[in-house]
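Me: I would like to learn how to read the local features of a model like this one. Please take me through them one at a time.

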Amino acid sequence: MDLTVPEIRQKLQTADAAEFAVLERSLVADTRKGVRQAVEVARRRLAAEREEEARLAGMYAFERELAAERGGSVVLGLDEVGRGPLAGPLAVGGVVLNLEVPIAGLNDSKQVRPEDRERIAAEVREGAVAWTVQYVQPDEIDRLGMTAALRQAFRAAIAEVEAAGVSVDVVLLDGNPLHLDEREVNVVKGDGKCASIAAASLVAKVARDNLMVEYAQLYPGYGFESNKGYGSEGHMEAIREKGLTPLHRRSFCSFAAQETLF
């Protein structure tokens with residue numbers, strides 16, 4: 001192959017598996033260090049892509065199997081975001097995916113790079129059979145307690161999806177049983193195992209994070225744009241200095257010496 005090292009590197013960077021096999025054979029006698037390095041980089045890239053394809057296929061297959069075991073095919077995945085922050089709402093996502101059209105990169109929101117979350121969440125919203133994000137506000141969390149708040153939001157998500165005309169066979173829920181619905185199936189660490197739970201995690205995470213950025217403009221000085229309401233050192237110091245806002249969960253902020261300035 002009468003090509004320069006940069007030209008070969010460019011071809012290898014964009015080659016799919018079949019193209020790589022041809023290139024690798026044609027370069028077997030090329031001993032240039034840059035060429036050998038480029039071949040190895042391409043080999044590792046393609047191995048990582050195969051691993052990712054297998055992981056994603058496994059999430060969708062696991063979900064289809066859970067549904068089939070219960071005699072159904074339409075799966076609603078539910079997951080919550082914002083259980084632990086000192087401020088801001090609890091957000092619950094609900095997603096019914098088209099299980100025949102996998103979404104690349106879909107994973108537990110905590111495992112997805114922040115710069116990729118918006119894109120993947122947008123693909124979920126565009127391609128889903130149905131989706132929703134439900135919120136429980138801080139005063140309701142204080143009044144109900146977290147477990148009851150979770151049940152309220154999950155039930156609201158189920159109701160909204162069904163109101164959109166989607167007949168749900170199985171309700172997949174990450175974690176321990178909440179006894180929300182007779183169709184409930186609980187999957188420990190489900191946001192890393194089930195495609196629709198991962199999708200619900202992502203749409204809820206992106207929606208809540210964007211909401212907290214907006215709240216940062218209303219209540220400056222608490223760092224909501226970066227801490228998203230969680231108890232960072234700067235956030236807790238701001239509470240001590242400025243008091244609580246209407247966004248704070250008072251039952252979570254017993255350390256605050258000053259109740260409120262708002």
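Me: What should I know before I start?

Reply: This is a predicted model, where local features need pLDDT of at least 70 and side-chain atom pairs count only at pLDDT 80 or more, while totals for chains, interfaces and linings use all residues. Residues are numbered from 1 along each chain as its sequence is written, and side-chain values use heavy atoms, with hydrogens and water left out.

Me: How is a pocket defined, and what volume does the largest pocket have?

Reply: Work on a 1 Å grid over the protein atoms alone. A pocket is an open set of points with protein on both sides within 12 Å along at least five of seven lines. A cavity, by contrast, is a set of points where a 1.4 Å probe fits but cannot get out. Grid points are joined across faces, edges and corners, and the volume is the space filled by probe spheres set on the points. Here the largest pocket comes to about 210 Å³.

Me: Which residues of its lining lie nearest the centre of the largest pocket?

Reply: Lining residues have an atom within 4 Å of a point. The largest pocket has 13 of them, and Glu80, Val81, Gly82, Lys110 and Tyr230 lie nearest its centre. Two elements give two or more residues to this lining: strand S1 (75-81) and helix H7 (195-218). S1 provides the largest share, 3 residues. Both kinds of element are DSSP runs numbered from the N terminus: helices are H or I with at least four residues, strands E with at least two.

Me: How do the residues of that lining divide by class?

Reply: Ala, Val, Leu, Ile, Met, Phe, Trp, Tyr, Cys and Pro count as nonpolar; Asp, Glu, Lys and Arg as charged; the others, Gly among them, as polar. The largest pocket's lining has 8 charged, 3 polar and 2 nonpolar residues.

Me: What lines the second largest pocket?

Reply: The second largest pocket holds about 160 Å³ of space. Its lining includes Glu80, Phe154, Asp174 and Pro177. Helix H6 (146-163) and strand S4 (170-174) each supply at least two lining residues, with the largest share, 3 residues, coming from H6. By class, this lining has 5 nonpolar, 3 polar and 3 charged residues.

Me: With which side chain does the side chain of Asp191 make a polar contact?

Reply: A polar contact is a pair of N or O atoms within 3.5 Å. Within protein, one must be able to donate a hydrogen and the other to accept it, and residues adjacent in sequence count only if both atoms are side-chain atoms. The partner of Asp191 is the side chain of Lys110, at 3.4 Å. Plain contact means heavy atoms within 4.5 Å. Not counting residues up to four places away in sequence, Asp191 touches Met59, Asp79 and Ser201, among others.

Me: What does Asp209 touch?

Reply: Asp209 lies in helix H7. At 12% relative accessible area, Asp209 is buried. Leaving aside neighbours within four places in sequence, Asp209 is in contact with Arg117 and Lys228.

Me: Where is Leu78, and what is its relative accessible area?

Reply: Leu78 sits in strand S1. Its relative accessible area is 0%, so Leu78 is buried. Beyond residues up to four places away in sequence, its contacts include Gly93, Phe154, Leu172 and Ala200.

Me: How many aromatic pairs does the structure hold?

Reply: Rings of Phe, Tyr and Trp (its six-membered ring) pair if their centres lie within 6.5 Å. Planes under 30 degrees apart count as stacked, over 60 as edge-to-face and the rest as tilted. The structure holds 1 aromatic pair. Tyr222 and Phe224 form it, stacked, at 5.5 Å centre to centre with 15 degrees between the planes. Both Tyr222 and Phe224 are buried.

Me: What phi does His179 have?

Reply: Most residues other than glycine have a negative phi. His179 is not a glycine, yet has a positive phi of about 55 degrees. His179 is in the loop between S4 and S5, and is exposed at 63% relative accessibility. Lys189 also has a positive phi of about 55 degrees without being a glycine. Lys189 is found in the loop between S5 and H7 and counts as exposed at 64%.

How values were computed:
Buried means under 20% relative accessible area, exposed over 50%, partly exposed in between (1.4 Å probe, protein chains only).
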